[in-house]
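Q: Hi! Could you walk me through this one?

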Amino acid sequence: MFVVALAKGRFLAPSLDLLARAGILFEEELRESRRLIFQSCDGTCRVILVKPIDVPTYVEYGAADVGIAGRDVLLESRADVLQPLDLGFGQCRIVVAARDGESRVDTDPTIVRVATKYPRIALSYFNSRGTPVELISLSGSIELAPLVGLADRIVDLVETGQTLRDNGMRVVDVITESSARLLVNRASYQTKREDLVRLIETLEVVR
Amino acid sequence: MNSLTQIPPGTQILIGEAVRRRRAVERTLLSVFQGWSYEEIIPPMLDYLDVFVKGMGQELEDRIYRFVDREGKILALRPEFTSLVAKSAATRLAGASLPVRLSYSGEVLRFETPKGGQQREFAQTGIEHYGGDSARADVEVLLICMEGLSKLGIPNFQINLGSVGFFGGLVEAIEPSDGLIDRLRSLLNVKDQHGLDQLLGALDLDPSTRNALREVPHLAGSREVIARGRHLVNSRRSIEALDHLESIYSIIDELGLARHLTVDLGEIRGFDYYSGILFRAYVPGLGFEVASGGRYDGLPAQFGHDVPAVGFSYSLERLEQVLGSGPAPGSDARQESCDQTSFEDAVRLRRAGKRVRICS
């Protein structure tokens, strides 16, 4: 018996498809239920639904043995977990973006105001380039910040770039790539090794 | 914030049952150490910062609580015991006949995010073994670690055993440039196969080294892992590490304890001072290790006493989490106490060894 933490939102459907291909099925329609805990048909696993940003935390503390989360939230959370598989879906980039026509260069000595929901990733990016920043933590609609003068730059997740273009913005730099990862708790990997190694090997084949 | 009524983040106050539980766990573990002829040492709460930086390495230096003494020297509150005990052994026990066996128990302080019941101030109880035959000493500390968990009434624990030598031998051939080995190490630490493939693909490596490094995340399991490792390497250092693990495994197997042991050749996390085996103990139901340790042959030499060394420590807070919040083992909290109004009666009862409580 092991516990899988899945992220509510855009990762849920591909995560459930992946588990289904690995033979882990659920009687109930998870996507429409308001419950948060589900038992698989064969009783070998339990799924819990949590906010995407919380998946690494559940796994790190062992409240879930494994989880599926984007590399972006994993980097931001800095959770100490094993990450044995790239699951292939949810591909996107974490980028620095600015308004079209904004002409700031990295060597400008003034402080850059950066709006983001990834304060740690943003800070470590700008720190490593020696650029002084003022971080403005937001939890959504980050693209709005430069348009209303709240920030000079944003650090955000970009899938196709359409939202940026629609709002008159362009990518200045790509910080890193992101995609869905399988996370495994370090202790569970030892104490439930047989179950989890089988799961990892199956997912590696069906992903 | 009112500093007189709030406690600083990461500190804690234990009272009543929590204290009885702490003392009971500590007593059980210290009696196991005593049973294996380890002498208890009480090292100082603080020492010069350099003592700890030498041991823990640069990465953990930021997490040390430090301050300046009146002469301008930088002191630190102890963030761990191993460096401190090694220094004490080097200075106070330099002439003693080897092996020297020492145990300790107390609080350490690290400026880090509290996790798994472990605060910034947390309690460690452990041992250090100096000198002697290294394979036998390694087995000895592993057996003590297992016995402690058993004596605490934790039957299902798993010890994950790795060795820095296997990985060390593998990367001997690689130019130590641009922090490449550190990047490899951090990918292996999280078994990130995808990142590892990307990094190895971009490197100009000979095929056998590349193939071996690709396999490292999968080299975890029971004894057969050692044999699989042998097919992948020809570096002498890696092979010696495997021989060493094999001999440890076979002794533990003969004692019927191999079910508690996992070999993980990708297990290379830890302080910079580790030079041979390293291990972590896990218990079902807790997401963090309850004990960790390893061999650190180079450390005592830093303090002027060149002897091989191995040791480990338990995290008491995490053990207490596993043991739950019931009454402490051997706790006499429920023993009836008689309420006394006269000191005369109280003193008489105390002489008879009875518990009393003075009523006002």
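This is a predicted model: local features need pLDDT of at least 70, side-chain atom pairs count only at pLDDT 80 or more; totals for chains, interfaces and linings use all residues.

Q: How is chain A divided?
A: Into domain 1 (2-90 + 179-206) and domain 2 (92-177), with bounds from an automatic or database domain assignment. Their C-alpha centres lie 30 Å apart.

Q: How many residues are in contact there?
A: Six residues of domain 1 of chain A touch seven of domain 2 of chain A, counting C-beta atoms, placed from the backbone, within 7 Å.

Q: And chain B, which domains does the assignment give?
A: Domain 1 (9-156 + 283-329) and domain 2 (158-262). In chain B, 27 Å separate the centres of these two domains, taken over C-alpha atoms. The contact takes six residues from domain 1 of chain B and eight from domain 2 of chain B.

Q: New topic: what's the strand order in the chain B sheet?
A: The open sheet of nine strands runs β1-β5-β6-β12-β11-β10-β7-β9-β8, with mixed pairing. Strands are DSSP runs (E, at least two residues), numbered from the N terminus, and two pair if DSSP finds at least two bridges between them.

Q: Which strands stand at the edges?
A: β1 (39-40) and β8 (220-221) of chain B; each has a single partner strand, so one side of each lacks a neighbour in the sheet.

Q: How does β8(B) pair with β9?
A: Antiparallel, over two bridges, with β9 of chain B spanning residues 261-264. The bridge partner of B:A220 is B:D264.

Note on methods:
Residues are numbered from 1 along each chain as its sequence is written. Chains are lettered from A and ligands numbered from 1 in the order in which they are written. Two residues are in contact if their C-beta atoms, placed from the backbone, lie within 7 Å. Helices (H or I, at least four residues) and strands (E, at least two) are DSSP runs, numbered from the N terminus.
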